[in-house]
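Opening the notebook on this one. I want to look at the pocket lining first, then at some backbone angles.

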Amino acid sequence: LGSNGQLVLAGDPKQLGPVIHSAPASAHGLAMSLLERLMDRPLYQPDPDSDRYNPLVLTKLVQNFRSHEVLLQVPNRLFYRNELQCCADPALRNYCCGPEYAG
């Protein structure tokens with residue numbers, strides 16, 4: 001990486017993490033992804049005064065175009081600080097919500 005280079009790590013540390021079958025690998029911290037380990041560093045934490053992330057080092061993708069808003073409620077509250085926005089097309093999002101699909 002040159003002096004003008006940029007390294008981009010993309011992913012979601014709240015999603016499925018590494019699957020480790022090796023005790024030595026697990027003992028050396030590889031049961032936690034590199035992205036998750038980086039997110040624990042102070043540089044990637046929200047500012048204590050503003051509760052916002054530094055946009056120079058972190059870009060969060062919070063618009064969800066795939067899920068129904070009801071399905072987003074629990075993970076949004078538990079893992080994403082209520083930042084997720086349901087942006088799915090209503091016709092697609094509600095396609096299987098008719099009475100014919102009820103239990």
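Residue classes, before I count anything: Ala, Val, Leu, Ile, Met, Phe, Trp, Tyr, Cys and Pro go down as nonpolar, Asp, Glu, Lys and Arg as charged, and the others, Gly among them, as polar. The model is predicted, with local features needing pLDDT of at least 70, side-chain atom pairs counting only at pLDDT 80 or more, and totals for chains, interfaces and linings using all residues. Numbering runs from 1 along each chain as its sequence is written, and side-chain values use heavy atoms, with hydrogens and water left out.

I looked up the largest pocket and got a volume of about 1,300 Å³. Its lining has 37 residues, and Gly11, Asp12, Pro13, Thr59 and Lys60 are the closest to the centre. A pocket here is an open set of points on a 1 Å grid over the protein atoms alone, where a 1.4 Å probe fits, with protein on both sides within 12 Å along at least five of seven lines; lining residues have an atom within 4 Å of a point. Points are joined across faces, edges and corners, and the volume is the space filled by probe spheres set on them.

By class I noted 21 nonpolar, eight polar and eight charged residues in that lining. α2 (34-39) gives the most, four residues, while β1 (63-64) and α3 also supply at least two each. Helices (H or I, at least four residues) and strands (E, at least two) are DSSP runs, numbered from the N terminus.

**Backbone.** Arg81 has a positive phi of about 55° without being a glycine, and it sits in the loop between α3 (69-79) and β2 (85-86). Asn82, in that loop between α3 and β2, also has a positive phi, near 55°.
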